[in-house]
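Subject: Structure for you to look at

Hello,

Here is the structure I said I would pass on. Please open it first, then read the notes below with it on screen.

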Amino acid sequence: MTTKKIERRIKIKYRVRNKISGTPECPRLSVFRSNKQIYVQVIDDLAGKTLAAASSLGLEAANKSEQAQKVGALIAQKAQEAGITKVVFDRNGYLYHGRVKEVADAARNGGLKF
């Protein structure tokens, strides 16, 4: 990736993070995607703690979008086990498209409310 692309994503990330924040009642669902993997965390920003996390490391899937769907379902399951039903979605500067959208849709289907 070029430096300008990374800087652009970071600017968007800070712009989004100024508007949203995770609370104990409604934590933040943060997505990070690399070229090969995708990672998701449910974060309480007031306490500074991660309440649930899931990643595509070690998941068997044919392609990246299937991995993203599995991670979305897994994070929904872990969040509900922790007693979380409502979250605010943090796309982390990425476009709401492709793998990021797959994670969000799978988490919604798993029972999380955005």
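**Around R28**

Leaving aside residues up to four places away in sequence, R28 touches R17, I20, G22, Q41, V42, I43, D45, V88 and D90. Please keep in mind that this is a predicted model. R28 belongs to strand β1, which covers residues 28–33.

Is R28 buried or exposed? Its relative accessibility is 8%, so R28 counts as buried, the cut-off for buried being under 20%. Two of the residues it touches, D45 and D90, also make polar contacts with it through their side chains. The side chain of R28 meets the side chain of D45 at 2.9 Å, and a polar contact of 2.8 Å joins the side chains of R28 and D90.

**K36**

K36 lies in the loop between β1 and β2, the latter being residues 38–44. K36 has a relative accessible area of 65%, and because exposed means over 50%, K36 is exposed. Not counting residues up to four places away in sequence, K36 touches S56, Q67 and R99. K36 and S56 are 20 residues apart along the chain, and their C-alpha atoms are separated by 8.8 Å.

**Two helices**

Helix α2 runs over residues 64–81 and helix α3 over residues 99–109. Two packed helices are described by the angle between their axes and the distance between the axes. For α2 and α3, the angle is about 35 degrees and the axes are 7 Å apart. The crossing of α2 past α3 is right-handed.

Which residues meet there? From α2 they are K64, S65, A68, Q69, G72, A73, I75 and A76, and from α3 they are R99, E102, V103, A106 and A107.

**Aromatic rings**

How many aromatic pairs does a search of the whole structure find? The search finds 4. The planes count as edge-to-face because they are over 60 degrees apart. F89 is buried at 17% relative accessible area, whereas Y96, at 35% relative accessibility, counts as partly exposed.

F32, Y39 and Y94 form one aromatic cluster. A ring also takes part in a contact with a charge: the charged end of R108 sits over the ring of F114, 4.5 Å from its centre.

Regards

Definitions and conventions. Residues are numbered from 1 along each chain as its sequence is written. This is a predicted model: local features need pLDDT of at least 70, side-chain atom pairs count only at pLDDT 80 or more; totals for chains, interfaces and linings use all residues. Side-chain values use heavy atoms; hydrogens and water are left out. Rings of Phe, Tyr and Trp (its six-membered ring) pair if their centres lie within 6.5 Å; planes under 30 degrees apart count as stacked, over 60 as edge-to-face and the rest as tilted. Buried means under 20% relative accessible area, exposed over 50%, partly exposed in between (1.4 Å probe, protein chains only). A charge sits over a ring if NZ of Lys or CZ of Arg is within 6 Å of the ring centre and within 35 degrees of the ring normal. Helices (H or I, at least four residues) and strands (E, at least two) are DSSP runs, numbered from the N terminus. A polar contact is a pair of N or O atoms within 3.5 Å; within protein, one must be able to donate a hydrogen and the other to accept it, and residues adjacent in sequence count only if both atoms are side-chain atoms. Contact means heavy atoms within 4.5 Å. Axes are lines fitted to C-alpha atoms, for helices over the stretch in contact, and angles run from 0 to 180 degrees between N-to-C directions. A crossing is left-handed if the near helix is turned anticlockwise from the far one by less than a right angle, and right-handed if clockwise.
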